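The following note sets out points for the file on this structure. The sequence and the model are shown first, and the points follow in numbered order.

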Amino acid sequence: QAQVVESGGGLVQPGGSLTLSCTAPGHDVNWYAVSWFRQAPGKGREGVSCISSPDDKATYLDSVKGRFTLFRDRAGNTVFLQMNSLEPESTAVYYCAIEHLSRQCRPFGTWSEDDYWGRGTQVTVST
């Protein structure tokens, strides 16, 4: 099973920016679709963004369009989620998930334990 590692979370003021990274040493992250999910306190898991392969087309939750950008560094076998103009409602634990078979993005609701998940990284947007 792939061991997914996220990093980049932290505390940021409203309007600020943060970039999260996702990789899996020894696993070909570049080959598969990769998604970011988030879970705020007391709420369910929410799909944020997904990037396909090899075309690297990204899709986004409507509420983050224009502010978040998902992209790959293929040389580093890494996916990044750049988050700009952050709002307090973006506060959550953010999880990276790597598709276990498909190179194309599936609907967020279909992702499951069959896919490879990181442990999560905390993003807090607060004054």
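1. Strand 9 and strand 11 (residues 121-125) pair in the antiparallel sense, with three bridges between them. Here strands (E, at least two residues) and helices (H or I, at least four) are DSSP runs numbered from the N terminus, and two strands pair if DSSP finds at least two bridges between them. Ala-92 stands opposite Val-123 in strand 11.

2. On provenance, this is a predicted model, in which local features need pLDDT of at least 70 and side-chain atom pairs count only at pLDDT 80 or more, while totals for chains, interfaces and linings use all residues. Residues are numbered from 1 along each chain as its sequence is written, and side-chain values use heavy atoms, with hydrogens and water left out.

3. Strand 9 is mostly covered, as five of its seven residues are buried. Buried means under 20% relative accessible area, exposed over 50%, and partly exposed in between (1.4 Å probe, protein chains only).

4. How many disulfides does the structure hold? There are two, a disulfide being a pair of cysteine sulfur atoms within 2.5 Å. With bonded cysteines counted along the chain, their pattern is 1-3, 2-4.

5. Because Cys-22 lies in strand 3 (residues 18-23) and Cys-96 in strand 9, the pair ties together parts that are 74 residues apart in sequence. The link is left-handed, with -75 degrees about the S-S bond. Both Cys-22 and Cys-96 are buried.

6. The other disulfide is formed by Cys-50 and Cys-105, whose sulfur atoms are 2.0 Å apart. This pair links distant parts of the chain, 55 residues apart: Cys-50 is in strand 5 (residues 45-51), and Cys-105 is in the loop between strand 9 and strand 10. The link of Cys-50 and Cys-105 is left-handed as well, at -100 degrees about the S-S bond. Are its two ends buried or exposed? Cys-50 is buried, with a relative accessible area of 1%, whereas Cys-105 counts as partly exposed at 28% relative accessibility.

7. Leaving aside neighbours within four places in sequence, Asp-115 is in contact (heavy atoms within 4.5 Å) with Gln-1, Ile-98, Glu-99, His-100 and Arg-106.

8. An open sheet of four strands has the order 1-3-8-7, with antiparallel pairing. Strand 1 (5-7) and strand 7 stand at the edges, each with a single partner strand, so one side of each is left without a neighbour in the sheet. The twist averages 15 degrees from one strand to the next, with axes taken as lines fitted to C-alpha atoms (for helices over the stretch in contact) and angles running from 0 to 180 degrees between N-to-C directions.

9. Strand 7 (residues 68-73) and strand 8 (residues 78-83) pair in the antiparallel sense over six bridges. Leu-70 stands opposite Leu-81, and Phe-68 has Met-83 as its bridge partner. Four residues lie between the strands of this hairpin, in which Asn-77 takes a positive phi near 55 degrees.

10. Which residues of strand 7 form its covered face, and which the uncovered one? Phe-68, Leu-70 and Arg-72 form the covered face, and Thr-69, Phe-71 and Asp-73 the uncovered one. In a regular strand the side chains alternate between the two faces of the sheet.
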